[in-house]
Amino acid sequence: MAISTALNKAVKQSNMKQGLRRVAILVLAIGLWIGSLARIDTEALGELGLINALPITYFVAIGLLIVSFFIELFSPRRASQKLLAAHLITLVFFLHGTAPLIFPEARYAWTYKHFGVTEHIDWFGTVSPTSDIYQNWPGFFAFSSWFERVGGISNPRDYAAWAQVFFNLIYMLELAFVFRMLTTNKQVMWIAMIIFGCASWVGQDYFAPQAFVYVIVLALYGLILRWLVRLEPKMGLSRFVLRFVPVRSDRTPEDLPVWHANRVQRGWAVAGTALMFFVLTFSHQLTPYMMLSGLALLTLFGAMANRMVLVIFAAIAFFYLLPHLTFIIDHYGLLSGFDPLANAKNQTVQAARNSGGHVFVAMCARYLSFLVWLLAIAGAIRRLFYGRRELVAVLLMVCPLVIMMGQSYGGEAIYRVYLFSLPWAAYLAAQAIVPLGKNRIALRSLRTAVPVLAMTALILPTYFGLERVSQIRTGEVDAAEYFYANARPGSVMLGIEPNFPAKLAGNYDQFQHPGAGDLSGFARQGRTVDMNTVTPEQLQTILEGMIEATPAVDKYVALSKSQTAYSKVFGTLPPNSVPNLAARLAKAPKWKVWLHNNDAVIYEYVP
């Protein structure tokens, strides 16, 4: 009896030591990250944004996290699913939780216009469809308003900074379900999830409708793959196309999941997904058609078990768009052109010069995208060798390209293409790098970790490299709130650059917001002066001409630190144009300081 007790005690101690060893690197990485947060100087943002301010311990921490993940994944003992999940949760906090912990306000100036729509619905209990496009697709904003009421929250400002952490955690949970529908190989599933986490650089996960609908899209695809899709279709175009896609006949895919569903189950699946697609449709303008393109390809290739799904979804999208079509055509135009190369270009900033840091960040984004796509192609080819055509994943990866055939989406089409192709590209890339041999654990871990570490090295400057522009300061938000609380309805507030948190209050629709509301953009469109050599005197002249031509009750101009940073990074104006203009307006007789704090100043035009 004593011997048995001693043996049990020894086994427990041995298991405890092994457990401690398995989490040691993860705990060390978390400790280094926490320690690095206190050493970040937010005023030391340089050419590479936050990268210049991050201590070396941050980079060591994220490198250790990746290595620890693969050591656990290829452990000689059975890998702990909970521990692997803990690694992914930690990765989300490393990448997306750093900014809200060191900056007091939510990132991105364009985040704040979503505050105003949410507050408008909260204040008035309805939408104003004539105000802007957001109030014609109000699903996300209605949900946010409901969330505030249930949670007793007064303003999106209180929680929006953590939206990126929240949404990415939801994405990871959904991707675990989606990838499980494609393969029974758990190693592939986990590798695909960490690739997604290390390659999602687009930044469409902030407090915005597109982040909300991406949650719905992943959920929809998971349900459709489970109940309504054939992973190995032999109907439609697949009967002809797959003749030219040879596959090793002496190998059989051992990881092909087999899901059965009867008519009743498929009927419920169609009804449930149709309801979710309706929520998706009235929450975002573009995403329903991105998803319809994927379903259309799956239907053409015979992968959909029920073709009526495409018909039902298309009808929902069409009948919702129909009453809003006039608004779209009048304000934006239905299509931007049929040149996919032109639609793929980002024309948000048409500057003659950019900072060296901006150029480097753009190159890292391209290299990261190409790396993921190349690995995805290699994964699809490798799967052919092992006896499986990954037709469904390949079709869903390429279908987002359809959007560029007719729409640039304000220069963001290429971002949406990458974002919507990423889950399927990550899955195929995982198939390319997952080790299938009997190599030693160290070699298998290293071979798989190297491309993921390369992605991590590229996403850090891509994601944090423009932090000088992304960072919005407390004084700027306070200034914007003061304007909407104290200016008379019908007033207008212009800026010198489009990097100010405007439209953040629920009464924003009572004020004027000209389409070319920033001075540099107005002057560039009118070509009244060379913006690369413009002087503060010329800027003042252009500004006064612009403000006099704007019919409004009262007229204001906001200048801020974020606008200065925008000008430096994108090269839209000569250096120091914003502070020099501010100094001139402070002395000009037609202008008076209406509000001033450490981060922003608002001038009122008093002719």
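Let's begin with Tyr-108, which is buried, with a relative accessible area of 7% (buried means under 20%, exposed over 50% and partly exposed in between, with a 1.4 Å probe and protein chains only). This is a predicted model, in which local features need pLDDT of at least 70, side-chain atom pairs count only at pLDDT 80 or more, and totals for chains, interfaces and linings use all residues. Residues are numbered from 1 along each chain as its sequence is written, and side-chain values use heavy atoms, leaving out hydrogens and water.

You will find Tyr-108 in the loop between α4 (98–102) and α5 (112–124); helices here are DSSP runs of H or I with at least four residues, strands are runs of E with at least two, and both are numbered from the N terminus. Although Tyr-108 is not a glycine, its phi is positive, at about 75 degrees.

Lys-503 also has a positive phi without being a glycine, near 60 degrees. Look for Lys-503 in the loop between β1 (492–495) and α22 (519–526). Lys-503 counts as partly exposed, at 27% relative accessibility.

Now turn to two helices. The axes of α9 (residues 209–227) and α11 (residues 263–281) come within 10 Å and cross at roughly 165 degrees (axes are lines fitted to C-alpha atoms, for helices over the stretch in contact, with angles from 0 to 180 degrees between N-to-C directions). That makes α9 roughly antiparallel to α11, a term for angles over 145 degrees.

Definitions and conventions:
Angles under 35 degrees count as roughly parallel, over 145 as roughly antiparallel, 65 to 115 as roughly perpendicular and the rest as oblique.
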